[in-house]
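Hello,

Here is the structure I promised to pass on. Please open it first, then read my notes below.

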Amino acid sequence: MPPTLKPVITFSEKKDLSAAQLLRLFHQAPWAKHRTIEDAKEMLRHTDVALCAWDGDLLVGFGRVLTDFVYRATIWDVIVDKAYQKQGIGTAVVQRILDHPRLKKIELFWLCTRRPGFYERLGFSSQEQTGMVWSRNKQARTE
Ligand SMILES: CC(C)(COP(=O)(O)OP(=O)(O)OC[C@H]1O[C@@H](n2cnc3c(N)ncnc32)[C@H](O)[C@@H]1OP(=O)(O)O)[C@@H](O)C(=O)NCCC(=O)NCCS
């Protein structure tokens, strides 16, 4: 049997990517299953930095940043195609964000996650401050 060839993954910063490609990834995650093309397009327009991982022209990883480019930056929607996970792509996406030349002045990167271990390996800490979340959906349910 021939050995399985490992895909060559390339990375790029790209905001004008296809929202359909992005939705293919989002729809693999429980927290982004409901997202629509229209909303994803608008989200991309207002995103400051979008990091993509590609297998040829297939989008296989993504992460994005909202920032003032000086003091604070938040990282959102880090996701890797299920078939490509555990190969270091997620780590590379986040590391490229942290090393990004336009983000080199940022004092504090911030994110919310259900995978703290993944980010701790990249130097993130949950000890520094308490993050708090206001969820529109949860508020609506208690009204
Ligand atoms: C979280 C997520 C982005 C990580 O992406 P990934 O590409 O699998 O990340 P990495 O490969 O860099 O690291 C993941 C794990 O694989 C391991 N790994 C990395 N390269 C490896 C390799 N060559 N061989 C075996 N394991 C490897 C890492 O040590 C890490 O271990 P962990 O599961 O104990 O944390 C991905 O799991 C994902 O998209 N999840 C669904 C969406 C989500 O929950 N996102 C979090 C948003 S906050």
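The largest nonpolar core has 21 residues. A nonpolar core is a set of buried Ala, Val, Leu, Ile, Met, Phe, Trp, Tyr and Cys residues joined through C-beta atoms within 7 Å. Buried means that 20 or more other C-beta atoms lie within 10 Å of the residue's own, with C-beta atoms placed from the backbone. Phe62 and Val93 have the most contacts inside this core. Two or more residues each come from α1, β2 (49-55), β3 (58-67), β4 and α3. β4 gives the largest share, five residues. Helices (H or I, at least four residues) and strands (E, at least two) are DSSP runs, numbered from the N terminus.

This is a predicted model: local features need pLDDT of at least 70, side-chain atom pairs count only at pLDDT 80 or more, and totals for chains, interfaces and linings use all residues. Residues are numbered from 1 along each chain as its sequence is written.

Now look at Leu22. This residue sits in helix α1 (residues 19-26). Leu22 is buried because 24 other C-beta atoms lie within 10 Å. Beyond its neighbours within four places in sequence, Leu22 is in contact (C-beta atoms, placed from the backbone, within 7 Å) with Leu17, Ala40, Leu59 and Phe62. Leu22 and Val60 are 38 residues apart in sequence, yet 8.9 Å apart in space, C-alpha to C-alpha.

Last, the ligand. Of the 15 residues around the ligand, Val80, Gln85, Gly90, Thr91 and Thr113 come nearest.

Best wishes

Terms used: Near = placed C-beta within 6 Å. Buried ≥ 20, exposed ≤ 12 C-beta atoms within 10 Å, placed from the backbone. Contact = placed C-beta atoms within 7 Å.
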